[in-house]
Amino acid sequence: MTFDLLLKGGLLPDGTQADIAVTAGRIAAIAPGITAPAAEVVDATGLLVSPPLIDCHFHMDATLSYGTPRVNASGTLMEGIALWGELKQLQSRADIVSRALAYCRQAMAKGVLAIRSHVDVTDPSFRTVEALLEVRDAIKGKMDLQLVAFPQDGWFRAPGAEAQVIRALDAGVDVVGGIPHFERTMADGAAAVRAACRIAAERGLMVDLHCDESDDPLSRHIETLAAETIAFGLQGRVTGSHLTSMHSMDNYYVSKLIPLIAEARVAAIANPLINITLQGRSDTYPKRRGMTRVPELLAAGVNVAFGQDCVMDPWYPLGSGDMLDVAHMGLHVGLMTGTEQMRRAFQMVTDAPAQIMGLDFGLRVGARASLVVFDCATAIDALRLRPARRVVISDGKVVASTVPAATEIMAFSKA
Ligand code: FE2
């Protein structure tokens with residue numbers, strides 16, 4: 001038989017060397033020394049080959065807008081939300097589409113082949129939703145875009161937000177979103193969590209809430225989210241994003257909370273680049289790091305992923321679309337420099353987000369043949385060096401390639 005594509009000699013994240021054969025967009029074989037002919041051969045000898053990088057928490061309707069109409073002077077989450085309120089009145093559907101597609105190209109070059117983006121549904125013009133649905137169609141077959149109906153200004157706080165969430169879901173948006181800590185009261189926040197879970201249960205959808213993105217140790221909507229997940233039978237379909245208040249919570253309370261999250265099979269997404277800069281803003285010293293309790297959640301068996309969240313938008317002036325930057329920051333903030341912890345950090349931008357988004361990626365026969373060849377040998381070196389993504393393969397087709405930069409050192413001779 002002839003394979004469509006054969007990836008030769010790659011090193012898998014577990015360190016084993018194997019060839020990967022692809023037929024009809026799926027992995028047909030993983031074994032050393034495959035000799036059957038292939039229409040296309042990619043030489044990956046001695047290079048890391050992994051499933052694609054995935055960003056499971058992003059805001060594509062705001063990306064690459066930095067400075068429009070002004071920058072976030074205080075650097076706070078709340079000024080960012082206010083600034084986004086100004087920007088969304090100004091931007092056209094075409095603006096959003098062109099910026100989003102530019103971002104997708106950047107991310108794809110870095111080996112990112114799936115993104116879960118929240119889309120603000122509280123703009124009555126609905127142009128953010130229409131724009132990102134257009135983007136999802138435009139990149140279909142090359143990159144997976146999963147959209148979350150996100151009522152940025154609050155489920156109850158923004159007039160008509162629930163109707164807009166439903167309108168977005170009816171239009172084809174995939175996941176139910178929310179922002180309970182932004183409601184006017186804790187009770188409204190709890191009611192918003194319940195409403196999101198009810199809609200997801202009725203429609204057979206997943207839930208992904210911006211949850212407790214706050215330094216307030218009493219912001220405890222994650223407890224409600226886990227309890228309602230169990231009550232509505234949504235185990236395995238619900239994600240709590242950010243969860244930064246957990247950083248500041250009382251340890252005794254957390255010792256009860258984390259087992260509840262695990263029991264409900266609620267996944268967690270930490271966004272280290274953003275929350276290391278947004279949280280702790282009102283602290284003097286010591287300043288809190290503001291990332292959720294990643295190692296403790298992992299130890300309890302919770303599926304935890306890292307997300308990018310923002311690139312050059314009202315909340316964050318930096319970012320490149322490279323999920324290795326995100327994992328690099330995440331392992332530093334989480335004090336995860338143990339060897340196994342660093343390997344886990346790599347999985348938190350590959351395998352863990354695939355599971356959260358329900359994507360059939362992975363290094364197994366029958367999985368989608370979406371793979372990345374890195375210009376290094378190991379997952380830990382990928383985090384350390386964030387090297388060129390030499391070849392990016394989406395569903396069996398090469399969609400991006402990068403030639404590593406060549407540097408010559410004249411100052412010292414080789415030993
Ligand atoms: Fe977010």
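Pro286 sits in the loop that runs between helix 9 and helix 10 (294-299). In this predicted model, the bond joining Tyr285 to Pro286 is a cis peptide, with omega at about 0°. There is also a cis bond from Thr68 to Pro69, where omega is near -10°. Pro69 belongs to the loop between strand 6 and helix 1.

His59 lies in the loop between strand 6 (53-58) and helix 1 (77-90), and its NE2 atom is one of the protein donors of the iron ion. Read along the chain, the donors are spaced as H-x1-H-x150-H-x98-D. His210 comes from strand 10 (residues 206-211), so together with His59 it ties together parts that are 151 residues apart in sequence. Both His59 and His210 are buried. As for geometry, the angles among the four donor atoms run from 85 to 170°, and the site comes out as irregular.

Strand 10 itself is well wrapped up: five of its six residues are buried, so the strand is largely enclosed by the rest of the structure. Its link to strand 9 (residues 175-176) is a parallel one, made through two bridges. Here Val175 has Met206 of strand 10 as its bridge partner.

The whole structure holds two cavities of 30 Å³ or more. The largest has about 90 Å³ of space and is lined by 14 residues, with His59, Leu77, His210, Glu213 and Trp315 lying nearest its centre. Helix 1 and helix 9 (272-278) are the elements that give two or more residues to this lining. By class, the lining splits into eight nonpolar, four polar and two charged residues.

The second largest cavity contains about 40 Å³ of space. His59 is in this lining too, along with Trp315, and other residues there include Asp61, Trp84, Phe150 and Gln152. Strand 7 (residues 112-120) gives the most, with three residues. Sorted by class, five of the lining residues are nonpolar, three are polar and two are charged.

Elsewhere, four strands form an open sheet in the order 5-14-15-16, with antiparallel pairing. Strand 5 (49-50) and strand 16 (397-401) stand at the edges with a single partner strand each, so one side of each has no neighbour in the sheet. Strand 16 pairs with strand 15 (residues 389-394) in the antiparallel sense over four bridges, and Val392 finds its bridge partner in Ala400 of strand 16.

His242, in strand 11 (residues 238-242), has a phi near 80°, a positive value in a residue other than glycine. This histidine counts as buried, at 1% relative accessibility. Met312 also has a positive phi, near 50°, but its place is in the loop between strand 13 (304-306) and helix 11 (323-333). With a relative accessibility of 31%, Met312 counts as partly exposed.

Note on methods: Residues are numbered from 1 along each chain as its sequence is written. This is a predicted model: local features need pLDDT of at least 70, side-chain atom pairs count only at pLDDT 80 or more; totals for chains, interfaces and linings use all residues. Side-chain values use heavy atoms; hydrogens and water are left out. Donors are N, O and S atoms within 2.8 Å of the metal (3.2 Å for Na, K and Ca); water is not among the atoms, so sites may look incomplete. Four donors count as tetrahedral if all angles lie between 85 and 135 degrees; four count as square planar and six as octahedral if opposite donors are over 155 degrees apart and all others between 65 and 115; anything else is irregular. Buried means under 20% relative accessible area, exposed over 50%, partly exposed in between (1.4 Å probe, protein chains only). On a 1 Å grid over the protein atoms alone, a cavity is a set of points where a 1.4 Å probe fits but cannot get out, and a pocket is an open set with protein on both sides within 12 Å along at least five of seven lines; lining residues have an atom within 4 Å of a point. Grid points are joined across faces, edges and corners, and a volume is the space filled by probe spheres set on the points. Ala, Val, Leu, Ile, Met, Phe, Trp, Tyr, Cys and Pro count as nonpolar, Asp, Glu, Lys and Arg as charged, and the others, Gly among them, as polar. Two strands pair if DSSP finds at least two bridges between them.
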